[in-house]
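Thanks, everyone. I'll keep this brief: charges first, then rings, then the overall build. Here it is on the screen.

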Amino acid sequence: MLLGVTLGTNDLAKAGAFYNAVLGTINMVQTMAVEGEIGYGVIGGLSCFWVLTPFNQQAASYGNGVQVTFQASSNDQVEAFHQMALALGGVDEGAPGYRYRPDYYGAYCRDLDGNKLHVMYEA
């Protein structure tokens with residue numbers, strides 16, 4: 001069973017500000033913060049997503065073919081997530097829209113470190 005996902009960053013303060021705002025659009029909140037690491041989850045829940053500076057003190061980098069998918073609870077949340085990410089310096093990788101299946105609505109973007117993010121809602 002998957003417990004969580006971690007992405008590396010080269011600037012934890014900037015990444016924290018980015019994810020606080022972007023994840024807030026889908027009702028996720030910062031659940032913890034310790035030196036070099038910030039955790040996120042649903043209100044009252046455990047951390048399931050972390051952003052951190054690499055333990056080995058080397059530069060963080062993104063993986064080719066790697067993405068993290070977040071589930072929204074409406075098409076409006078998909079749009080808000082994508083719009084917020086771009087407003088904060090993220091890069092568009094696919095505008096909100098229907099894809100894959102008739103009720104699948106999603107969008108793609110990259111965070112400030114180039115990590116690929118996908119947000120989706122399926123009615």
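A search of the whole structure turns up 2 salt bridges. By that I mean a side-chain nitrogen of Lys or Arg within 4 Å of a carboxyl oxygen of Asp or Glu. Before the details, the ground rules: this is a predicted model, where local features need pLDDT of at least 70, side-chain atom pairs count only at pLDDT 80 or more, and totals for chains, interfaces and linings use all residues. Numbering starts from 1 along each chain as its sequence is written, and side-chain values use heavy atoms, with hydrogens and water left out.

Take the bridge between glutamate 93 and arginine 110. Their side chains meet at 3.2 Å, N to O. Glutamate 93 sits in strand β6 (residues 91-98), arginine 110 in strand β7 (residues 104-110). That pair links distant parts of the chain, 17 residues apart. Helices and strands here are DSSP runs, numbered from the N terminus: H or I for helices, at least four residues; E for strands, at least two. Glutamate 93 is partly exposed, at 35% relative accessible area. The scale is this: buried is under 20%, exposed is over 50%, partly exposed is in between, with a 1.4 Å probe and protein chains only.

Arginine 110 has another contact to show. Arginine 110 lies over the face of tyrosine 62, 5.3 Å from the ring centre. To count, NZ of Lys or CZ of Arg must be within 6 Å of the ring centre and within 35 degrees of the ring normal.

Now the other bridge. Glutamate 122 and arginine 101 meet at 2.8 Å, N to O. Glutamate 122 is in strand β8 (residues 116-122) and arginine 101 in the loop between β6 and β7, so the bridge ties together parts 21 residues apart in sequence. Glutamate 122 is partly exposed, at 32%. Arginine 101 is partly exposed too, at 43%.

On to the rings. How many aromatic pairs does the structure hold? There are 8. Rings of Phe, Tyr and Trp (its six-membered ring) pair if their centres lie within 6.5 Å; planes under 30 degrees apart are stacked, over 60 edge-to-face, the rest tilted.

Phenylalanine 18 and tyrosine 19 make an edge-to-face pair: 5.1 Å between centres, 85° between planes. Phenylalanine 18 is buried, at 2% relative accessible area. Tyrosine 19 is buried, at 1%.

Next, phenylalanine 70 and phenylalanine 81. Centres are 5.7 Å apart and planes at 40°, so this pair is tilted. Phenylalanine 70 is in strand β5 (residues 67-71), phenylalanine 81 in helix α2 (residues 75-87), 11 residues apart. Both are buried.

Where do these rings lead? Ring pairs link Phe18, Tyr19, Tyr40, Phe49, Phe70 and Phe81 into a cluster.

Finally, the whole protein. The count is 2 helices and 8 strands. From the N terminus, the order is β-α-β-β-β-β-α-β-β-β. The C-alpha atoms fill a box of roughly 45 × 30 × 30 Å along the principal axes. Buried residues make up 40% of the 123. Contact means heavy atoms within 4.5 Å. Among contacts between residues at least 6 apart in sequence, 50% join residues at least 24 apart.

That's the tour. Questions, please.
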